[in-house]
Amino acid sequence: MKILVFVNHVPDTETKVKVSADGKSLDNAGVNFMLSPYDEYAVEEGLRLKEKFSGEVVAVSLGGDAHKEALRKALAMGCDKGVLLKDSSVRDSFAVARGLADYAQGFSPDVILCGKQSIDFDDAQIGGLVAEMLGMPSVSVVVKLEIQDGMLTAEREIEGGHEVVRATLPAVVTAQKGLNQPRYPSLKGIMDAKRKAIEEIVPSPVEPKIEIVGMKKPAPKAPGRIIGTDASAVGELVRLLHEEAKVI
Amino acid sequence: MKILAFAEQRDSRLKKTSYEVVRTAKMIGDQLSAECAALLVGDGVSAIAAELGEYGVSRVIVVEDARLGRYSTTAYAKIVADIMRQENADILFLPASALGKDLSPRVSVKLEAGLATDCVALRVDQGDIVATRPVYAGKGLVDVRVKSPIKIFSLRPNVFPAGSPSPQRCVAEKKNIALADGDFGSTVTEIKSSKGKKDVAEADIIVSGGRGLRGPENFAMIEELASALNGAVGASRAVVDAGWRPHSEQVGQTGKTVAPSLYIAVGISGAVQHLAGMSSSKIIVAINKDKDAPIFSVADYGIVGDAFEIIPALTKELRTFKEQ
Ligand SMILES: Cc1cc2nc3c(=O)[nH]c(=O)nc-3n(C[C@H](O)[C@H](O)[C@H](O)COP(=O)(O)OP(=O)(O)OC[C@H]3O[C@@H](n4cnc5c(N)ncnc54)[C@H](O)[C@@H]3O)c2cc1C
Ligand SMILES: Nc1ncnc2c1ncn2[C@@H]1O[C@H](COP(=O)(O)O)[C@@H](O)[C@H]1O
């Protein structure tokens with residue numbers, strides 16, 4: 001089975017947002033980066049499919065040299081190969097998807113796995129975009145995946161439950177927490193990852209469809225009130241929720 | 001100019017977020033002097049079309065097919081794109097729900113349309129829409145413009161006002177989209193609903209518990225408080241990772257982003273990753289025995305004290321309040 005996993009390199013979850021001088025982007029000074037958390041579930045699922053069906057798992061990331069870090073992590077977990085679609089310009093999701101889809105086209109995967117969303121721009125678009133560009137079905141926010149006889153059965157999270165979806169392969173699946181428990185890279189994995197080559201390809205440029213006109217931080221909340229230190233405060237709390245906040 | 005508002009339904013019941021989307025489309029439409037219509041897709045859904053009229057549209061396009069009773073990403077995408085083309089529509093609004101988030105990227109490719117997902121505010125500036133959307137789990141906000149001729153915006157549920165319904169004349173217009181078997185590349189075969197349980201993503205009131213509750217058995221107290229408020233139970237990642245609660249309840253950067261009118265955090269410290277998922281809630285109440293817990297920095301009301309004492313008392317107080 002040929003498996004592609006898309007991985008993104010994003011500011012870690014501790015990041016304090018500071019807007020840079022251009023007023024449109026994150027100031028990267030002092031920011032640590034990580035493999036986007038949902039992509040870890042995608043990598044893990046890819047590795048499990050390989051263990052079951054044999055084949056190869058290739059991790060792909062589109063971005064500047066720094067994205068090699070995300071690829072190294074994927075390699076350390078056990079992916080066979082890393083591919084950097086090298087472009088350090090800022091792309092919108094459509095343009096990222098186009099680069100990834102172009103690569104996927106040549107690779108002819110049976111399954112493409114990616115995260116349900118990157119935790120930088122929280123777009124939650126890539127899976128669906130790439131699938132449509134390639135004319136494949138897609139299932140998003142998946143917490144359970146089974147593959148048999150050229151068909152996949154997946155459970156995806158929806159409001160108030162799960163949908164069981166059947167789709168034909170090849171297909172794109174976007175991973176949600178709960179899909180699996182990602183493995184920690186072994187020491188050997190980490191050492192091997194250093195030796196595995198990362199192929200670099202320059203993707204074709206794509207016109208953006210989205211223009212960022214500004215970035216700001218949300219207005220800080222007005223300081224709240226401590227209304228008590230024990231159960232005797234509940235009467236006052238209920239009164240405030242009803243009369244002042246008007247939420248009950 | 002023409003705007004279409006995609007209205008989501010399940011089992012022929014419109015979702016609340018559909019009213020929000022329709023109302024917003026109408027409001028933006030008025031500012032742009034654009035024509036506005038709703039699009040309803042499903043099986044036997046024409047009966048509910050008129051309901052959309054009550055939120056401001058005078059025309060509802062209905063696409064019905066026995067195979068559309070359950071969602072199919074590929075078939076729905078084809079229908080929405082085909083109708084957009086037939087209508088010569090310029091703008092599509094849809095909810096950033098599980099379905100909307102799944103559907104919108106595919107329509108975006110079919111129409112070569114830029115897509116702004118999960119918008120929390122929209123404004124019209126020089127005849128163009130500027131959308132505000134959260135980034136970095138709500139720690140930042142970006143304003144974006146869509147530059148392609150056709151533009152798609154998905155709207156975060158619970159954020160845009162639906163307004164109150166008012167009866168008005170509304171025509172439902174059935175349209176036929178020919179669907180081949182090949183259009184159903186994926187199909188929903190079953191829906192497993194968590195019966196009777198409210199989902200944090202849709203709830204108007206959420207009571208979340210964290211590690212301060214000491215064990216899964218103590219969530220009974222959280223469930224009771226939630227039920228007294230007719231709300232949903234949420235959880236911090238610490239308790240989800242410990243296996244006390246299902247991950248579908250996790251609120252935060254790697255869980256769900258929620259914006260209910262009332263969020264009560266019990267025994268949750270308020271780590272940045274948790275705050276990221278809930279700090280845009282309208283009213284936040286924190287109950288924590290540590291007065292320095294960061295959760296208090298976003299709380300409107302706080303009680304510094306022992307949850308084991310406060311929660312049962314609060315539940316009781318609320319029950320008495322509701323009876324009056
Ligand atoms: C990549 C990444 C992603 C993450 N994503 C998320 C996410 O999506 N959501 C999330 O929630 N976290 C997330 N986290 C984890 C986050 O950093 C915190 O570890 C977690 O939120 C802590 O959960 P907690 O508040 O329940 O536990 P703790 O931080 O242990 O807090 C427990 C609180 O309970 C209080 N307490 C104890 N006893 C009582 C009592 N009797 N009465 C009242 N209060 C009491 C304590 O004072 C304390 O403040 C993420 C972390 C990482 C690294
Ligand atoms: N630049 C990128 N390179 C590789 N994969 C990406 C990139 N951006 C996003 N992805 C993948 O697409 C998923 C969804 O991202 P997004 O649509 O940006 O929220 C991520 O979890 C990744 O798996």
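This report describes how two protein chains meet in a predicted model and what surrounds two ligands.

## About the model

Residues are numbered from 1 along each chain as its sequence is written, while chains are lettered from A and ligands numbered from 1 in the order in which they are written. Since the model is predicted, local features need pLDDT of at least 70 and side-chain atom pairs count only at pLDDT 80 or more, whereas totals for chains, interfaces and linings use all residues, and side-chain values use heavy atoms, with hydrogens and water left out.

## Where chains A and B meet

Contact, in the sense of heavy atoms within 4.5 Å, links 88 residues of chain B with 77 residues of chain A. The size of an interface is often given as the accessible area lost when the parts come together. For chain B and chain A, this buried area (the accessible area, taken with a 1.4 Å probe, that two parts lose on being put together, summed over both) is about 7,100 Å², with 57% of it on carbon and sulfur atoms. On the side of chain B, the residues that lose the most area to chain A are B:Arg106, B:Tyr136 and B:Tyr301, which together account for 11% of what that side buries.

Between the two chains there are 13 salt bridges, a salt bridge being a side-chain nitrogen of Lys or Arg within 4 Å of a carboxyl oxygen of Asp or Glu. One such pair is A:Lys177 with B:Asp241, whose closest N and O atoms are 2.9 Å apart. Polar contacts (pairs of N or O atoms within 3.5 Å; within protein, one must be able to donate a hydrogen and the other to accept it, and residues adjacent in sequence count only if both atoms are side-chain atoms) join 48 residue pairs across this interface, with both residues at pLDDT 80 or more.

## Paired strands

Strands are DSSP runs of E with at least two residues, helices are runs of H or I with at least four, and both are numbered from the N terminus; two strands pair if DSSP finds at least two bridges between them.

## A salt bridge within chain A

Over all chains, the whole structure holds 57 salt bridges. One of them joins the side chains of A:Glu51 and A:Arg183, at 2.9 Å from N to O. This pair links distant parts of the chain, 132 residues apart, with A:Glu51 in helix α1 (residues 37-53) and A:Arg183 in the loop between β10 (171-175) and α5 (187-195).

## Around the ligands

Ligand 2 has 17 residues around it, with A:Asp39 and A:Ser118 among the closest. An N or O atom in the side chain of A:Asp39 is 2.4 Å from an oxygen atom of ligand 2, while a polar backbone atom of A:Ser118 is 2.7 Å from an oxygen atom of ligand 2.

Conventions. Near = heavy atom within 4 Å.
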